[in-house]
Amino acid sequence: MKKTNEKTKTAVKPASKRKSVTQRTEMKPKSTEQEREIGISVSFGKPGFKKSLKLIKDAGFKNIMILENGRNLARLLKTARKFEFNIPYVHLSYKKPFSVNSLWVNGSAREKLVKNFVARIEVCKKYGVDTAVIHCARRVNELDYTLDKEAGLESIKEILQAAEKYNVKLAFENLNKPENEYLNFIFANFKSPNLGLCYDCGHHFLHSPEVDFSKQFAGRCFAVHLHDNMTVQPAPDPWRGDLHGLPGDGKIDFDKVIKNLAQLNYKGILMLECSKVSGLSDTYNSMSDAEFLAEAYKRGKKLAVSVGQSSKKSL
Ligand SMILES: [Zn+2]
């Protein structure tokens, strides 16, 4: 066990060294702009983790995002590494084993949750994952962060300190309106090179299309979740509109998404957070997992070309 850790540790370069690798590739900016990489969430369907990895690999993807969802993150990363995927970011669990809402309420649940986040950030470091995506709350209107601001601030402080210690970026995801207030609250209280945004275009156009995230987060966007929906919030649960379809299968204007990515100055991997089994499952029922992934790859590539072209235009 010890041996593995040591081996992984030496494989992970400190940020300063990684930067110099980037600088060495600066000779070819054009290809970077033209060939934006794409990736997909391993939780696209229900074939199981290992089988999903194989199917994703067979579809041609090189990059993945892992939604931890209460499972053993180290084990998931170890398995994924065997398939030689690049894993730019993981999505930390927001409901298992502890609801992320506990960040905002003082007590033992909060302490356990923070400890758990810190441990998982350390795992990210060990496996060379650059960014941990985190929700600041679980569901809309389930809590009021203003009731115990001190508890929330203490939680974020401890998690951010761990992110700085292990040099892992912490990307808070935009969720819905009240939770965008959480983002504002967090970013008003903390400044750190390790603190940034995970821009979720599905949540943006479903819950808060009027918000211009680039105003606050230009240059601070560490991760993206790209997926489609009908931009309609059904009553009584607006989250049921969060369909996680393939780009083009809903009503989101992806030209606007591309513009937003440019304004956010996001240069990273275009990560699809699409699901075969969520709100648009009727559309995908007749497809096999492999067919769904082939389609996802096609749509992702199309998006990557458009993003590349828009970056070129703005050069
Ligand atoms: Zn998301």
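**Exercise 1.** State how many bridges join strand β3 to β4, and whether the two run parallel or antiparallel.

*Solution.* Strand β3 (residues 86–91) and β4 run parallel and are joined by three bridges. Strands pair if DSSP finds at least two bridges between them. Helices (H or I, at least four residues) and strands (E, at least two) are DSSP runs, numbered from the N terminus. Next, find one partner: Tyr-89 is bridged to Thr-131 in β4. Then follow the chain: from β3 it passes through helix α6 (residues 108–126) to β4, a right-handed β-α-β crossover. Right-handed means that, with the strands pointing away from the viewer, the path from the first strand over the helix to the second runs clockwise.

The model is predicted: local features need pLDDT of at least 70, side-chain atom pairs count only at pLDDT 80 or more, and totals for chains, interfaces and linings use all residues. Residues are numbered from 1 along each chain as its sequence is written.

**Exercise 2.** Decide whether the faces of β4 (residues 131–134) are covered or open.

*Solution.* In a regular strand, side chains alternate between the two faces of the sheet. On one side of β4 lie Thr-131 and Val-133, on the other Ala-132 and Ile-134. All are buried, so both faces are covered (buried: 20 or more other C-beta atoms within 10 Å of its own; exposed: 12 or fewer; partly exposed: in between; C-beta atoms are placed from the backbone).

**Exercise 3.** Name the residue of β5 opposite Ile-134.

*Solution.* β4 pairs with strand β5 (residues 169–173) in the parallel sense, over four bridges. Phe-172 in β5 stands opposite Ile-134.
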